[in-house]
Amino acid sequence: MKRIKISTAVATAVLLLTTTVSAEDAKPKRTLKPNMNEVYNTLPTSVDNFADAFTKGMVYGHLRTNVFRWDWDSPDNATNADNKAFGVGGSIIYKTAPLYGISATAGLYYSNSPFSGLREDNADVGFVKSGKDTFSRYDVKTEGDWEMVVLAQSYLQYDVAKTSLKYGRQFFESALTASNDTKMIPNAFEGLSVESKDLPKTTLKAAFFTAQKLRDHTTFHDVITFKDSSGNSWNGNDDSGAHKGLSYDNFNKAGEDTEHDLVVAALSNASIENLKLDFTYTAVPEVLSSAIAEINYKINLGGGYTLTPGFRYMEQFDNGGGEIGGASLSGKLAGSTSAAAYGYQEGNTLDGSAWMARLVLGQGPLTLLVGYSDVADEADLVAPWRGFPTGGYTRAMAQLNWVANTQSTMLEAKYDFGKANILKGFKTLARYVIQDFDEAKQSAGAIADNKMIHIDLVQQLTPQLDARVRFGNVNADNRLDGSDKDSYSEYRFEINYLF
């Protein structure tokens, strides 16, 4: 895909063009969910002529800044080093008014790290951890460019009854795909999707995507292939959950195509009172596929208390990718005949599975969760599309706990001080996670057993403006070689303004 380049001055002008908000606007046109997904409270109304489709369209803006700090307990400055990052920017989204059910959306996103004192030097961008999504490592390495300007949304939409079809660049939320807009520019896909709510209490979704753009990329790339034809690690699917054995070079050596499609089908049903059923199928044809089934049942305990047990099961199927990339996400088992040396039972298959369960207790402003996940001692689970196999059960900030033979337990507490009439607009989240990895797989990339604390503090200052502080601490055991490569603390600060 060709890259769009826009100067800093032009991009900034576009972002600031519509920042004036009427004082009478009591309710913002959009709000943000806790996971940063956008909710449109106001959309353009239908029109009956072509001119009005544009003149009665609507503009949505988002200004934001993110600051990151990552401190290793034992930095060696060779494989890891303390690092920092900073991003400022935002987005402008324009939606036309629907004309006979047809509309269009375009979203321009911008991020820059203009202050050298708040980021790493060009040569050290490889050390940056959670803050890497404020810039493109590939662009910094090849051009020294800290700006990102991306047309991440650009699609046509057709609505009929309660069914919506979209074609073009878009976001798509499912069990393993997500916009995951917690940094500067969301994760996006390119292709065709459909969502229907025509059946009572049922949502059907399906998608066929030919490309993906991760959050720290300025161009769209393949949905699964790691590295590019030159061997650059930062110009393909280099997500933290990417399978590095499914590389451009390995696909070529196997005589297979380096360009792939992503197919998703999902069903959600709530026909039975208090019962929610979900099923998701995800596939990269001729590489791998997976099926996820989930059930949640809400029990009213009285006195305002509810208890919701939940269970999720995931089965991953090898459709040819195992022979190419191996069972480990690290890629170290690609072509290997000694799986046991890396702690795996079989080295050339992607067959795998996982199950997880949780209990969620709710009462007014308080929500408590206890969750457990168990990944089978088979292949690592592959999900480089920003949806997380253990999400909502045992995953905490920046964690990847779906490596084979990993067991995790999480305690989570959420409290809404505004709902409790204590402090308007203030919310907290706290997580404590125990992660038990397989030490035998450390040579293949598994980390050491650890305990993690994750805390979020969110203050809604106005209906349009919020500030967030996030903290994470991982206390890990030493690895088998006696080194501590996995203990760290990270700090994040974020401001968002919607208009």
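**Overview. Salt bridges across the predicted model.** A search of the whole structure turns up 26 salt bridges, each defined as a side-chain nitrogen of Lys or Arg within 4 Å of a carboxyl oxygen of Asp or Glu. Please keep in mind that this is a predicted model, in which local features need pLDDT of at least 70, side-chain atom pairs count only at pLDDT 80 or more, and totals for chains, interfaces and linings use all residues. Residues are numbered from 1 along each chain as its sequence is written, and side-chain values use heavy atoms, with hydrogens and water left out.

**View A. K132 and D216 form a salt bridge.** Their closest N and O atoms are 3.1 Å apart. K132 sits in the loop between β5 (102–112) and α3 (137–143) and D216 in the loop between β9 (202–213) and α4 (248–253), so the pair ties together parts 84 residues apart in sequence. Helices (H or I, at least four residues) and strands (E, at least two) are DSSP runs, numbered from the N terminus. K132 is buried at 14% relative accessible area, and D216 is buried at 3%; buried means under 20%, exposed over 50%, partly exposed in between (1.4 Å probe, protein chains only).

**View B. K132 and D216 belong to a network of salt bridges.** Also linked in this network are D133, R137, K183, R215 and D238.

**View C. E412 pairs with R431 in a salt bridge.** Here the closest N and O atoms lie 2.6 Å apart. E412 is in strand β17 (residues 407–416) and R431 in strand β18 (residues 426–436), so the contact ties together parts 19 residues apart in sequence. E412 is buried, at 9%, and R431 is buried too, at 19%.
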